[in-house]
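The exercises below ask for careful reading of a single protein chain, and each is followed by a solution that goes step by step. Please keep the sequence and the coordinates open while working.

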Amino acid sequence: MRNLILAAASVAAMALVGPAEAQSPIVIKFSHVVAADTPKGKAAEKFKELAEKYTNGKVKVEVYPNSTLYKDKEELEALQLGAVQMLAPSNSKFGPIGIKEFEVFDLPYILPDLKTLRKVTDGPLGAKLLKLLDKKGMTGLAYWDNGFKQMSANKKLIAPSDYKGLKFRIQSSKVLEAQFRTLGAIPQVMAFSDVYQALQTGVVDGQENTWSNMYTQKMHEVQKYATVTNHGYIGYVVVVNKKFWDGLPSDIRDELSKAMKEATDFGNSQSAKENQEALEEIKKSGKTEIITLTPEQNEAMRQALMPVYKEVASRVGQPLIDEFLKETGRSPMN
Ligand code: LMR
């Protein structure tokens with residue numbers, strides 16, 4: 001795969017210095033792994049529309065949804081090598097390339113709502129985290145929402161003990177690994193595009209994701225139960241290849257930044273509604289039973305997952321966790 005990415009990267013580099021450069025538009029390949037009809041997919045389309053409009057067609061944005069170009073693990077490598085120019089991976093996916101700080105977003109119950117999330121991402125901590133991307137050859141442009149994660153399996157998931165011994169697909173995050181181990185479950189890292197089949201064939205018993213991702217991947221067709229847990233958050237960091245971004249004419253970069261800001265506001269204002277609509281569609285399908293926890297059952301889950309904070313403190317960084325909690329104005333224990 002690495003050779004293929006390298007070949008794509010050198011074609012992209014030739015296109016930048018080719019003789020037709022004066023007339024041909026600057027192409028931004030924007031790869032992502034989810035369906036077009038999701039919060040990320042729609043924000044990417046909005047960015048394309050605005051970027052092409054504001055640059056009068058001097059920039060062409062090609063959006064590749066649904067892992068058509070790259071799967072989870074390859075995406076960031078492709079960006080670093082310049083085979084694609086823009087991505088929006090989830091926070092959980094930066095650990096394997098050595099930026100484990102973004103895994104702080106994976107901590108169970110760290111965010112009570114989207115308003116609090118916005119406070120973190122729009123504030124100094126959000127800016128500090130984006131700066132960490134520079135040393136990996138990327139520039140962080142924005143935080144995009146998906147929403148809160150829910151649990152699903154072929155077994156009813158109510159009490160923490162219900163998770164014991166079940167295999168769950170996870171994204172490649174050590175915090176998510178610790179989360180499922182704490183429940184006595186067996187986490188298995190897997191690319192997003194492989195989840196449906198893994199659930200269908202029983203390679204894993206369950207998974208966690210947002211309603212919009214579950215619905216658009218048809219996971220509800222192969223899971224008997226889903227529990228409204230809102231136990232974690234999935235959001236994205238929009239990243240560009242730094243060399244590409246820094247090499248753009250400054251007027252173009254300014255127009256693209258404006259397009260990004262507006263696409264971000266658009267996407268983040270719609271995400272909660274899109275997840276709610278996906279939940280309604282799942283209910284309507286009648287294929288998955290939706291389980292709602294009582295406040296006591298919810299609290300039991302939260303308490304069961306609190307040990308994760310200590311367990312990952314040395315990896316994610318206790319000062320960072322403390323700073324994050326301070327910004328949210330809450331301790332995980334209350
Ligand atoms: C996942 O792999 O479950 C998600 O990160 C997919 C996505 O980008 O929303």
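Helices here are DSSP runs of H or I with at least four residues, strands are DSSP runs of E with at least two, and both are numbered from the N terminus. The model is a predicted one, in which local features need pLDDT of at least 70 and side-chain atom pairs count only at pLDDT 80 or more, while totals for chains, interfaces and linings use all residues. Residues are numbered from 1 along each chain as its sequence is written, and side-chain values use heavy atoms, with hydrogens and water left out.

**Exercise 1. Place N91 in the fold, and state with which residues N91 is in contact.**

Step one is the location: N91 sits in the loop between strand 3 (86-87) and helix 4 (114-122).

Step two is the accessibility, for which buried means under 20% relative accessible area, exposed over 50%, and partly exposed in between, with a 1.4 Å probe and protein chains only. N91 has a relative accessibility of 3% and therefore counts as buried.

Step three is the surroundings, where contact means heavy atoms within 4.5 Å. With neighbours within four places in sequence left aside, N91 touches F102, E103, F105, Y233, G235, Y236 and V237. As a check on distance, N91 and I234 are 143 residues apart in sequence, and their C-alpha atoms are 7.2 Å apart in space.

**Exercise 2. Determine which strands pair with strand 4, and in what direction they run.**

Begin with the criterion, under which two strands pair if DSSP finds at least two bridges between them. Strand 4 (residues 138-153) and strand 8 (residues 225-241) are joined by 13 bridges and run antiparallel; within this pairing, W144 has Y236 of strand 8 as its bridge partner. Strand 4 is also joined to strand 7 (residues 206-209) by four bridges, again in an antiparallel arrangement, and here M151 is bridged to E208.

Finish with the exposure of the strand itself: 15 of the 16 residues of strand 4 are buried, and the strand is thus mostly covered.

**Exercise 3. Describe how helix 11 packs with helix 12 and how helix 5 packs with helix 13.**

Axes are lines fitted to C-alpha atoms, for helices over the stretch in contact, and angles run from 0 to 180 degrees between N-to-C directions. For helix 11 (residues 295-305) and helix 12 (residues 307-316), the packing angle is about 30° and the axes are 5 Å apart. Because angles under 35 degrees count as roughly parallel, over 145 as roughly antiparallel, 65 to 115 as roughly perpendicular and the rest as oblique, helix 11 and helix 12 are roughly parallel to each other. Their contact brings Q303, A304 and L305 of helix 11 against P307, V308 and Y309 of helix 12.

To classify the residues, count Ala, Val, Leu, Ile, Met, Phe, Trp, Tyr, Cys and Pro as nonpolar, Asp, Glu, Lys and Arg as charged, and the others, Gly among them, as polar. The contact of helix 11 with helix 12 then has five nonpolar residues, one polar and no charged.

For helix 5 (residues 124-131) and helix 13 (residues 318-328), the angle is about 145° and the axes lie 10 Å apart. P124, L125, K128 and L129 of helix 5 meet L320, E323, F324 and E327 of helix 13, a set that divides into five nonpolar, no polar and three charged residues.
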